[in-house]
Amino acid sequence: MKTRLMNNIGLKVLAFLAAGLLWLLVVNIDDPVTSATYQDVPVTVINQEVLAEEQQTFQIVDDTQTVDVTVTARRKILNRIQKEDITATADMRELTLKTQIPITVTVAGYDSVEAEAYPRNLQVKLEDEELKNFPIVPKTTGTVRDGYVLGDIEAVPENVSIRGPKSVVDQIDRVEATVNVSGLSQDDVLTSRLMLYDDEGDEIDQSLLANNLGDEGVSVSVKLYQTKNVPITFDTSSITAAEGYEFTGITYEPEEIQITGSEKALRSVAEIRIPEEALELSGLTEKTEQVVDISDYIPDDVRLADENAGSVAVIITVEKDGTKAFDVMPSAVIVNHLSEDLVLTYDQTEALEIHVRGPRETLNSLNLERKVSIDLKEYTEQGSYTVPVNVQLPDDCALEADVSVKIELQEKE
């Protein structure tokens, strides 16, 4: 019996098949075949030179530039596969109907696994290719170190050639290169990134475009200048008052200006002198205001740190013979008898002009600090008023004209 069983070929074959089936069953239970999906895998287009030969290019449409890839393999293999191992390619030579290219998926190191992209085709739109040249506009952000100002800024290179689909290239309105100069204290060349904008100021996607900048890209050359504050002086020899009046001087704002230039040039400038022709006035009978543009009087080897800061407001004071003018700000006026239920504000911001007549010796020594006041005893209700101003003066002096101030009274909340 034993010999018959050992020599039975049919039984041996049946046993072998049973063992094989049992092994497959165990393997599939322990390491089953399963699937995993990897999202947003980028699609690489190869053999694009096929279109370049026909002076055409393409745009990817329908958001098919990335795909979801489903990989089917045994679980142990899937556990080792990373998204970075997956490559999705579209071969331009397989373009069909001039609108779609089949997407092929490979998994590096795992040739035997099954991988499929969704969608299965890259959707493209063919266009004529266009090449245009654009000037590069340099821009800066941030603030340089104190004591310096920005000088010349220049893009390196100054122009760029951009190639791509005609519909995209035609959208380009300007090309910029921006660098951050925060804390900069010396000349420098800073690397930048090319930015493209349409006529509405929106940034243009450059993924379908190429340029001639190569590996070096674009930079911005930044030059800095030192700064210096210098006083302004005016020649007032051409200012004259009318008969019976006296020119008594000028005040001006600002009294100094910031200039910039090389260190050597700045050392040679101690002040900005404004010649007499800038203030050529005659027959004056009252205080006169004049705005002088000092830009033309800046030495050639320096310039204004702020090109818009060249205007100086000059006040020319003229007094009648035997009088002197005093300017008193409303906030310096002493307020007497203000009702406890009211709050006072001034309806004017300009100074009060107080003209006092008296001996010149007395006038020259006269100081009106804490000698100008208003009395609100009779102003008990809210409203706007013009109130006479009281000025305490020496016995030998008097006001040339009455003075008043505009006020507003409001009830306390």
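The structure is a predicted model, in which local features need pLDDT of at least 70 and side-chain atom pairs count only at pLDDT 80 or more, while totals for chains, interfaces and linings use all residues. Residues are numbered from 1 along each chain as its sequence is written, and side-chain values use heavy atoms, with hydrogens and water left out.

The chain contains 7 helices and 31 strands, which are DSSP runs numbered from the N terminus (H or I and at least four residues for helices, E and at least two for strands). Its radius of gyration is 43 Å, whereas a compact globule of 413 residues would have a value near 22 Å; the radius is taken over C-alpha atoms, and the globule rule is 2.2 Å times the number of residues to the power 0.38. Along the principal axes, the C-alpha atoms fill a box of roughly 155 × 60 × 40 Å.

Of the 413 residues, 33% count as buried, where buried means under 20% relative accessible area, exposed means over 50%, and partly exposed lies in between (1.4 Å probe, protein chains only). The chain exposes about 25800 Å², of which carbon and sulfur atoms supply 46%; these areas come from the Shrake-Rupley method with a 1.4 Å probe. Among contacts between residues at least 6 apart in sequence, 75% join residues at least 24 apart, a contact being heavy atoms within 4.5 Å.

A cis peptide bond, with omega about 0 degrees, joins Tyr-118 and Pro-119, and Pro-119 is placed in the loop between strand S6 (114-118) and strand S7 (121-141). The bond from Val-156 to Pro-157 is also cis, with omega near 0 degrees, and Pro-157 is found in the loop between strand S8 (148-156) and strand S9 (159-165). In the loop between strand S4 (86-91) and strand S5 (100-107) lies Leu-97, whose phi is near 55 degrees, a positive value in a residue other than glycine. Lys-98, placed in the loop between S4 and S5, has a positive phi of about 60 degrees although it is not a glycine. Leu-97 is exposed at 71% relative accessible area, and Lys-98 is exposed at 61%.

Turning to charge, the chain carries 35 positive and 76 negative charges, whose mean positions are 14 Å apart. Side chains of opposite charge can pair when their charged atoms come close. The whole structure has 13 salt bridges, each defined as a side-chain nitrogen of Lys or Arg within 4 Å of a carboxyl oxygen of Asp or Glu. One of them joins Glu-116 and Arg-120 at 3.1 Å, N to O; here Glu-116 is partly exposed at 43% relative accessibility, whereas Arg-120 is exposed at 54%. Another joins Glu-176 and Arg-174 at 2.7 Å, with Glu-176 buried at 10% and Arg-174 partly exposed at 30%.

Arg-360 forms a salt bridge with Glu-246, the closest N and O atoms being 3.8 Å apart. Because Arg-360 lies in helix H7 (residues 360-365) and Glu-246 in strand S16 (residues 245-253), this pair ties together parts that are 114 residues apart in sequence. Salt bridges that share partners also join Lys-132, Lys-166 and Asp-170 into one network.

Methods:
Lys, Arg positive; Asp, Glu negative; His and termini not counted. Charge placed at Lys NZ, Arg CZ, Asp CG, Glu CD.
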